[in-house]
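The following exercises concern a predicted model and are meant to be worked through with the structure in view.

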Amino acid sequence: MEQKKVDDGGWSPYIAGGLSGLVIIVSVLWTGQFFGASTSFVRSAGMLEKILEPERVAQLEYFIRYLPKFDWQLMFVSGIFLGSLIAALLSGSFKWQGVPDMWAERFGTNPALRGIVAFIGGVIAMYGARLADGCPSGHGLSGMIQLAVSGLIAMVFFFVGGIIMTRLVYFGGNRK
Amino acid sequence: MNAEMIYGLITGILFGFLLQKARVVRYDKQIGALRFQDMTIVKFMMSAIIVGMVGIHFFDIFGLVKLLYKPVVLGENITGGLLFGLGWGLLGYCPGTQGGALGEGRWDALWGILGMIVGAGLYAETYPLLMKKVLGVGYYGYLTIPQLIGVNRWLVIIVFVTGVLAMFRWFEKKGL
């Protein structure tokens, strides 16, 4: 099969990654904020639940610890969406796609199947991230930068878990 | 919106822009790394880490930054890390970067975002029980790698950066 290149306006991951490192340094110098993301999902869950069951949210200890409100990190996570949207539109690499190519090659193009698995994956991943007290941003980037042992351990097990699951999902290669 | 939130948004936009430019937010790239087929995300992440590591520890000499990392709690770091990884292998997006995937039109990330909000809510619900039964198992406190092995942190940084550069060389040689 012919290998087709979807877009080639990308930057080297070394350059873009290194520049991200500089953004982290400036952020810490300027505002004292290291990167992180998973706490924002706790705050978002609290904000949504508050609409349905305000009394329940007020009682739950975890939502008292992480108040359901906008803060630096939630704005940071929202900014990632905007920054990516801007970059994608400017470079013409925006593509409306509900089933990733690699997934489609193995499981077909049914967006419902992909949606269900993605949803379940999201539930498990976030439960794990909160238990580990961080995700690849908080533990991975911020923890490793500071040479934190917790960051190193979490990062290793993120990859161990990920490798095990992709072995199971793609057992026997790409083809059905 | 206060100043802190505006800084968060700007930082997020910059990071999201760079993530999209390096093409690291996509399912195919994330799962590609877990299947050892395409190491783009590892190149990006490790580049950000080594630049950030050198910068943050340099400014720390002059007391210009405040380190803020998480304690080692083996039970949580390992179990949570593994769970996160298993979910990540199904979803193919990270908490921080999936907003970026949505930003470039990969709308299956919406399912992941929804799943993560549910996962965070679930964690909040089970938190009191976890507190009683499992949280805090294997607590070793705030520990850095240099403290753990008892050497100067710059020695660890030099070894780490050298190791990462050697890994990059190997990736390029193997065409990963």
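**Exercise 1. The fold of chain B**

Task: State what share of the contacts in chain B with a separation of 6 or more is accounted for by residues 24 or more positions apart, and describe the elements of chain B.

Solution. 
- Step 1. Residues 24 or more positions apart account for 59% of those contacts in chain B.
- Step 2. Chain B contains eight helices and two strands. Read from the N terminus, its elements follow the order α-α-α-β-α-α-α-β-α-α.
- Step 3. Along the principal axes, the C-alpha atoms of chain B fill a box of roughly 45 × 45 × 40 Å.
- Step 4. Chain B has 176 residues, and buried residues make up 52% of them.

**Exercise 2. Buried or exposed?**

Task: Determine how many residues of helix 2 of chain B are buried and what covers them.

Solution. 
- Step 1. Helix 2 of chain B spans residues 27-34, and eight of its eight residues are buried. Among them are B:Tyr27, B:Asp28 and B:Lys29.
- Step 2. The cover over these buried residues includes helix 6 and helix 9 of chain A, as well as helix 3 (40-61) and helix 4 of chain B.
- Step 3. Just after helix 2 of chain B comes B:Phe36, with a positive phi of about 55 degrees.
- Step 4. B:Leu155 lies in helix 8 of chain B, residues 153-174.
- Step 5. B:Leu155 and B:Arg35 are 120 residues apart along the chain, and their C-alpha atoms are separated by 32 Å.

**Exercise 3. Where the chains meet**

Task: Describe the contact between chain A and chain B, and name the helix of chain A that gives the most to it.

Solution. 
- Step 1. In this contact, 112 residues of chain A meet 102 residues of chain B.
- Step 2. Helix 7 of chain A gives the most to the side of chain A that touches chain B, namely 18 residues.
- Step 3. Sorted by class, that side of chain A has 71 nonpolar, 33 polar and eight charged residues.
- Step 4. The largest nonpolar core has 103 residues, of which B:Ile49 and B:Ala120 touch the most other members. Neighbours within four places in sequence aside, B:Ile49 is in contact with A:Gly21, A:Leu141, A:Met144 and A:Ile145.

**Exercise 4. Two helix pairs**

Task: Describe how helix 2 of chain A packs with helix 5 of chain A, and how helix 9 of chain A packs with helix 4 of chain B.

Solution. 
- Step 1. Two packed helices are described by the angle between their axes and the distance between the axes.
- Step 2. The axes of helix 2 of chain A and helix 5 of chain A come within 9 Å and cross at roughly 105 degrees. Angles of 65 to 115 degrees count as roughly perpendicular, and these two helices of chain A are therefore roughly perpendicular to each other.
- Step 3. In this contact, A:Thr39, A:Ser40 and A:Arg43 of helix 2 meet A:Gln73, A:Leu74 and A:Val77 of helix 5. By class, the contact residues divide into two nonpolar, three polar and one charged.
- Step 4. For helix 9 of chain A and helix 4 (residues 74-91) of chain B, the angle is about 40 degrees and the axes are 6 Å apart. The crossing is right-handed. Their contact has 16 nonpolar, eight polar and no charged residues.

Methods. Residues are numbered from 1 along each chain as its sequence is written. Chains are lettered from A and ligands numbered from 1 in the order in which they are written. This is a predicted model: local features need pLDDT of at least 70, side-chain atom pairs count only at pLDDT 80 or more; totals for chains, interfaces and linings use all residues. Two residues are in contact if their C-beta atoms, placed from the backbone, lie within 7 Å. Helices (H or I, at least four residues) and strands (E, at least two) are DSSP runs, numbered from the N terminus. Ala, Val, Leu, Ile, Met, Phe, Trp, Tyr, Cys and Pro count as nonpolar, Asp, Glu, Lys and Arg as charged, and the others, Gly among them, as polar. A nonpolar core is a set of buried Ala, Val, Leu, Ile, Met, Phe, Trp, Tyr and Cys residues joined through C-beta atoms within 7 Å. A residue is buried if 20 or more other C-beta atoms lie within 10 Å of its own, exposed if 12 or fewer, and partly exposed in between; C-beta atoms are placed from the backbone. Axes are lines fitted to C-alpha atoms, for helices over the stretch in contact, and angles run from 0 to 180 degrees between N-to-C directions. Angles under 35 degrees count as roughly parallel, over 145 as roughly antiparallel, 65 to 115 as roughly perpendicular and the rest as oblique. A crossing is left-handed if the near helix is turned anticlockwise from the far one by less than a right angle, and right-handed if clockwise.
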